[in-house]
Amino acid sequence: MNTILSQVTERIRERSAPLRGDYLARIAQLSHRQRGFERMGCANVAHAVAALPGDDKLRIVAEKAPHLGVVTAYNDVLSAHQPYEHYPGLIRAEAQRRGATVQVAGGVPAMCDGVTQGLPGMELSLFSRDTIAMSTAIALTHDVFDAALLLGICDKIVPGLLIGALHFGHLPCVFVPAGPMGTGISNADKAKVRELYAQGKVGRDELLASESAAYHGAGTCTFYGTANSNQMLLEAMGLHVPGSAFVHPHDPLREALTREAVGAALRISGRLPGQAARPIGHVVDERCIVNAMVALLATGGSTNHLIHWVAVARAAGILIDWSDFSALSAVVPLLARVYPNGSADVNQFQAAGGPGFVIRELLDAGLMHEDVLSVGGDSLRAYAFVPVAADAGGEVVREALPAASPDDGVVRTAAAPFSATGGLKLLAGNLGRAVIKISAVPEDRHVVEAPCRVFTTQEAMLAAFKAGELERDVVVVVRFQGPRANGMPELHKLTPPLAVLQGKGFKVALVTDGRMSGASGKVPAAIHVSPEALAGGPLARLRDGDPVRVDGIAGTLQALVADDEWNAREPATLTPAEAEVNAHGLGRELFAGLRRNVLSAEEGAVTWL
C-alpha cells in the first residue's frame with residue numbers, strides 16, 4: 001500500500017472518528033428493528049400494498065419474501081436518463097423471477113445542465129443535488145424495503161441519490177446505470193465550431209448542426225464530464241455491479257447487467273439464506289471514499305467532485321477536504337486521457353479497458369484499498385474485470401483485461417502513465433483556495449500572470465469579449481458566482497471565448513468562485529474559489545488591472561498587490577439590482593433558504609447542516 005494513501009486514509013479516519021462513530025451507532029439501531037411489514041400497523045401495511053397484484057401481496061405479507069424499493073431519476077429531457085423509462089418493469093420482472101417483489105418508492109428531480117447552461121435554470125443546478133437527496137429520503141421514508149435500487153447517472157443526480165441513501169445507511173443499496181450514447185461528432189470538432197461561432201465566423205444553423213451531431217441519442221453525453229466521472233467513481237466505490245458503467249443503453253449486455261443488479265440487491269439485502277445484509281453505510285467507509293478520490297485523480301475527472309464527494313463523505317459521517325485531494329494527487333498517476341483531457345470519448349475509454357483497467361492498475365500499484373466491501377463481493381478486485389457477454393442463462397460473463405491497454409493513447413498502465421501525478425491541483429494564496437483541472441491545460445499555460453479584468457456576471461464578460469476589450473494577456477475574474485450568491489452555476493459559456501483568446505497567443509486564465517465542471521477544457525481555470533466573494537472572500541477586493549498570478553505548478557493563486565493596500569481595500573458588493581436578479585424568477589425564490597444556509601464549496605456546499 002502506498003504510504004501517502006495510507007497516511008491520508010488514517011488522517012481522515014482520525015478526523016472523522018466522533019462523527020463516524022455516531023453515524024454507525026444510528027445505523028446499528030435501525031438495523032436491529034423488525035422488518036418493515038412486520039413492524040408496521042395493519043392499516044400502514046394495507047396502504048403500502050394496496051395497488052400491488054394479489055400474488056405480490058401474498059409474497060410480502062405471508063411468505064415474507066424480499067421486497068426491493070426503486071428510486072428513479074427518470075425523465076426524457078435528460079438523454080442519459082431516458083432509457084430508465086422501462087427499467088421498473090424489467091426490474092419488477094427479474095425480482096419476481098427470483099421470488100421477490102418490487103415497488104417504485106419514488107422519483108427524484110433530474111435537470112439537464114446541458115439544457116440550462118448560461119440560463120437562469122443553471123442557478124438551481126447545484127442545489128438540485130440536496131433537493132434530490134431530500135427526495136430520495138422521502139421515497140425511502142416509506143420504510144418497507146429490504147434493499148434499494150437507485151437509478152441515476154448525471155451530474156447532481158448521483159451525488160444527490162448517494163447522499164440521500166447514506167442518510168438511510170442501514171439499507172443495502174445498488175446503483176443501476178444506463179450507459180453512454182454512441183459516439184457522434186468528435187469533441188475537437190465540436191469545440192472548434194463553438195470557437196468559430198464565438199468569433200462570428202459561423203452562424204446559429206451551423207452551430208446547431210454541430211451540437212446536434214454531438215448530442216444525438218439516448219445515453220450519457222460522451223465527454224468525461226461530471227456524469228461519466230460519477231460512473232467511474234461508483235465503480236471504484238463498489239456501488240455498481242462490476243463493469244456496468246459504460247455499456248451502451250441498447251447493447252444486449254445492458255439488460256443482463258440490470259438484471260444482475262437486481263440479484264445483487266437481493267444478495268446484500270440479508271433476506272436470502274446464508275447471506276448477510278450489507279448496508280450502504282458500511283460499504284461507504286473511509287477506504288471507499290479514498291478509492292473514489294483516487295479514481296477521480298487517476299482519470300482527470302470532473303472538478304465538481306471536489307464539492308460533491310465532500311458532501312457525500314459528510315453524509316456518511318466522514319470529513320474530507322481539498323488538502324486530502326491535493327495530497328493524493330501528488331502520488332496518483334494520470335492513467336486516462338478522455339476529452340477534455342484528450343481526444344477520446346468514453347466509448348473509446350471503455351474499448352481501451354475502461355474502469356476495470358484503471359482499477360486493476362491502481363490496485364496493483366498499491367494506490368487503492370482492495371479489502372473493501374462492495375455490492376460485487378468482499379474485495380474491489382471484482383471490479384478489475386470487464387463484462388463481455390451474457391451466457392445462455394442470462395448471467396454476465398466477465399474476462400480479465402490484457403496487461404497492456406489496446407489503446408495506450410487513451411489508457412495506460414501505472415508503470416507508464418501520462419503523468420506521474422493526478423489531474424487536479426489545489427491552489428492557495430491571498431485570493432483564497434481554489435482548484436484547477438491541470439490535466440486538460442497545455443504545459444506552457446500552467447502558469448499565467450497578467451492584469452485582471454473583473455466581472456460580476458458571465459454576460460458582462462461575453463459582452464466585453466465581443467467588443468474586443470479582452471484582446472490581450474488577461475486574467476478574467478468572474479465573481480459573485482458562489483453558492484450563497486446565486487447557487488454557483490457552471491460557467492461553460494466562458495470557455496469558447498477564452499479558448500479563442502488563448503488560440504490567438506494571449507496568456508489567459510479564468511478565476512471564479514463559480515464552477516466549470518468536467519468540461520473546463522484547455523484554458524487554465526482557477527475555480528470554486530473559497531471563501532466566495534459574497535461571504536467576504538478576497539475576490540471581492542480585486543480591482544480591474546490588478547496583476548494576478550495563477551500558478552498550477554507551485555499551486556498558488558495570488559493578487560500581486562502590496563499587503564498594506566490589499567488589506568485596506570473595502571470589499572466590493574453586489575448592487576441591489578444584481579442581488580434582485582439572483583434571487584427571483586424561474587423558481588429561484590424557492591431556493592432562498594438554501595442560499596442562506598449553504599456552506600462553502602470546500603465544505604461541500606452542503607445545505608442540510
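1. Start near the chain end. Alanine 605 sits in the segment after helix H24 (592-597). This is a predicted model. At 1% relative accessibility, alanine 605 counts as buried, because buried means under 20%. Its backbone deserves a look too: phi of alanine 605 is near 50°, a positive value in a residue other than glycine.

2. Aspartate 143 also has a positive phi, of about 60°, although it is not a glycine. Look for aspartate 143 in the loop between helix H7 (125-140) and strand S3 (147-151). Its relative accessible area is 23%, so aspartate 143 is partly exposed. For background, most residues other than glycine have a negative phi, and most peptide bonds are trans.

3. Now the cis peptide bonds. One runs from tyrosine 339 to proline 340, with omega near 15°. Proline 340 belongs to the loop between H16 and H17. Another cis bond joins serine 530 and proline 531, and there omega is about -5°. Proline 531 is in the loop between strand S12 (525-530) and strand S13 (547-551).

4. Step back to the whole protein. It has 24 helices and 14 strands. The radius of gyration is 24 Å, close to the 25 Å that the globule rule gives for 609 residues, so the protein is as compact as a globular protein of that length. The C-alpha trace spans about 75 × 55 × 50 Å along its principal axes. Of the 609 residues, 58% are buried.

5. Which aromatic rings pair up? A search of the whole structure finds 3 aromatic pairs. One of them joins tyrosine 84 and tyrosine 87: the ring centres are 5.0 Å apart and the planes meet at 90°, so this pair is edge-to-face. Tyrosine 84 counts as buried, at 0% relative accessibility. Tyrosine 87 counts as buried as well, at 7%.

6. Tyrosine 224 and phenylalanine 349 form a tilted aromatic pair, with 6.3 Å centre to centre and 50° between the planes. Tyrosine 224 lies in the loop between helix H10 (204-214) and helix H11 (226-237), and phenylalanine 349 in helix H17 (residues 346-351), so the pair ties together parts that are 125 residues apart in sequence. Both tyrosine 224 and phenylalanine 349 are buried. Ring pairs link Tyr224, Phe246 and Phe349 into a cluster.

7. A charged side chain meets a ring elsewhere. Arginine 360 lies over the face of phenylalanine 357, at 4.6 Å from the ring centre.

8. Next, the second largest pocket. Its volume is about 370 Å³. It is lined by 20 residues, and the closest to its centre are Ser419, Thr421, Gly422, Ile438 and His446. Helix H16 (322-329) and strand S7 (425-429) each supply at least two residues of the lining.

9. Compare sequence with space. Leucine 5 lies in helix H1 (residues 3-31) and counts as buried, at 0% relative accessibility. Leucine 5 and leucine 328 are 323 residues apart in sequence, and their C-alpha atoms are 6.6 Å apart in space.

10. Glycine 487 is in the loop between helix H20 (483-486) and helix H21 (495-503). Is glycine 487 buried or exposed? It is buried, with a relative accessible area of 0%. From glycine 487 to serine 229 the separation is 258 residues in sequence and 22 Å in space, C-alpha to C-alpha.

Key:
Residues numbered from 1 in each chain as written. Predicted model: local features only at pLDDT ≥ 70, side-chain atom pairs only at ≥ 80, totals over all residues. Heavy atoms only, no water. Phe/Tyr/Trp six-rings, centres within 6.5 Å; stacked < 30°, edge-to-face > 60°. Buried < 20%, exposed > 50% of the residue type's maximum accessible area, 1.4 Å probe, protein only. Helix = DSSP H or I, 4+ residues; strand = E, 2+ residues; numbered from the N terminus. Lys NZ or Arg CZ within 6 Å of the ring centre and 35° of its normal. 1 Å grid on protein atoms, 1.4 Å probe; cavity = no way out; pocket = protein on both sides within 12 Å on 5 of 7 lines; lining within 4 Å. Points joined across faces, edges and corners; volume = space filled by probe spheres on them. Rg over C-alpha atoms; globule rule 2.2 N^0.38 Å.
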